[in-house]
Amino acid sequence: MSFSSLGLSAPILKAVAEKGYDTPSPIQAQAIPAILQGKDIMAAAQTGTGKTAGFTLPILELLSKGERARANQARALILTPTRELAAQVSKSVATYGKNLPLRSAVVFGGVKINPQMMKLRKGVDILVATPGRLLDLYKQNAVQFKQLEILVLDEADRMLDMGFIHDIKKIIAALPRQRQNLLFSATFSNEIRDLAKGFVKNPIEISVSPRNTTAKTVEQWVYPVDKKQKSALLAQLIHNNQWQQVLVFSRTKHGANRLTRQLETGGIKAVAIHGDKSQGARTKALVDFKKGLVRVLVATDIAARGLDIDQLPHVVNFDLPNVAEDYVHRIGRTGRAGATGQAVSLVSADEIKQLTDIEQLIRQLLTRKYIDGFEPVHDVPESHLAGPKKPKKPKKTKTEHKDGQRSGENSQGHKPSAKKKYHGKPSRTTTKPTVKTRSGNSRRQSKVRSS
Ligand code: AMP
């Protein structure tokens with residue numbers, strides 16, 4: 001299939017060709033004709049699938065035909081959860097729309113509002129926005145929606161995770177009822193479906209990747225390691241394997257700052273990107289990382305959302321995320337558009353619950369590898385994939401679910417032993433000379449090694 005068969009006009013096809021795309025990605029092949037027909041859509045698609053062009057190209061096509069935006073009006077509104085994603089989407093709008101006489105703008109928080117108000121004064125055909133700043137602008141009458149034709153919610157699941165539900169509802173209430181709605185989300189939880197019910201009409205549902213799967217092109221494994229050894233292990237992995245461009249995820253802003261300092265002390269150029277950094281610092285960090293001036297970008301989940309870095313070879317989970325779906329998003333930063341990538345997680349014993357949740361979600365036990373000198377004193381308990389649900393037992397036992405605990409877990413989420421429910425064993429493999437395979441009872445061994 002080619003782009004020209006999708007119903008796009010010459011100025012758009014030219015821009016697409018200049019970008020170097022020759023074949024539409026699966027989401028584009030499905031979404032573009034449906035959007036051009038004026039349908040509402042609900043699309044399950046992660047970053048990396050080409051979803052941005054999937055909605056931007058047909059929106060440009062539709063808007064190129066109608067009446068231009070009047071003062072302070074917006075004809076299409078694209079809502080995104082983060083500033084980075086907003087900037088990225090707006091860049092795509094500019095790239096794909098460069099041969100059309102349409103105006104676009106991007107607005108997000110963390111920067112001055114006045115220049116944004118000025119930009120909106122003449123009216124824009126496409127407005128890309130984060131919800132909070134858009135509401136501020138709306139309240140100040142800097143933007144109006146009388147001419148609004150199309151609403152896009154991009155990464156809707158993340159918007160809900162980030163607590164934007166009330167802002168989104170307020171925005172939707174301010175829009176004309178007659179409009180086209182496009183909803184994109186990596187996952188379709190019941191919450192998303194509830195949100196969708198409130199505003200999409202007879203949507204065409206599109207799914208290009210099965211829910212919560214990880215790309216086959218991404219090689220994944222974990223290094224069980226004690227918490228206090230994590231930064232030294234990361235530095236060694238970067239040095240020994242000569243990783244040149246590594247995106248590292250940290251659960252907290254504080255942890256991201258600390259790790260950045262530790263890496264810098266070890267002579268590895270690193271920079272942190274998180275919500276406490278100014279927009280300018282975040283943009284610079286990303287640019288430097290893309291250019292190769294910085295070897296390691298340490299990011300929190302929210303800051304990393306929407307980062308579009310082509311061919312990122314290595315993603316490291318310095319901490320495992322508390323929400324298992326975030327693991328899928330995180331490692332989706334590598335192995336994009338068919339390229340191969342590696343996703344490595346440094347896992348300490350207290351993260352067994354997160355590890356188990358992730359393995360359960362992706363239906364796969366992650367291979368465990370050990371590096372000489374970094375074998376954990378507190379080994380990560382063995383994990384397992386739960387089998388199909390068994391019929392309920394008539395009587396409660398001590399090990400049944402209680403206060404959100406799993407069977408056999410204590411209150412810290414540790415699993416004292418992998419007994420009856422064990423359905424598989426993670427393979428322990430060796431990759432490089434420094435990586436060690438362990439045999440026998442790893443926990444007994446680690447006790448012997450404790451220092
Ligand atoms: P997205 O999922 O929208 O973030 O896009 C992921 C990456 O795929 C971006 O770097 C796009 O430039 C690229 N991309 C989008 N569509 C295509 C296509 N049809 N062919 C090749 N690359 C594409």
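Leu135 touches Asp167, Lys170 and Ile171, leaving aside residues up to four places away in sequence; contact means heavy atoms within 4.5 Å. The model is predicted: local features need pLDDT of at least 70, side-chain atom pairs count only at pLDDT 80 or more, and totals for chains, interfaces and linings use all residues. Residues are numbered from 1 along each chain as its sequence is written, and side-chain values use heavy atoms, with hydrogens and water left out.

Leu135 sits in helix H6 (residues 131-139). Helices (H or I, at least four residues) and strands (E, at least two) are DSSP runs, numbered from the N terminus. Leu135 is buried, with a relative accessible area of 6%. Buried means under 20% relative accessible area, exposed over 50%, and partly exposed in between (1.4 Å probe, protein chains only).

In soluble globular proteins, nonpolar side chains tend to be buried together.

An open sheet of seven strands runs in the order E3-E4-E2-E5-E6-E1-E7, with parallel pairing. Two strands pair if DSSP finds at least two bridges between them. E3 and strand E7 (204-207) are the edge strands, and each pairs on one side only.

Strand E3 (residues 104-107) pairs with strand E4 (residues 124-129) in the parallel sense over four bridges. Ser104 stands opposite Ile126 in E4, and Ala105 has Leu127 as its bridge partner there. E3 has a covered face, Ala105 and Val107, and an uncovered one, Ser104 and Val106. In a regular strand the side chains alternate between the two faces of the sheet.

E3, helix H5 (residues 114-121) and E4 make a right-handed β-α-β unit. Right-handed means that, with the strands pointing away from the viewer, the path from the first strand over the helix to the second runs clockwise.
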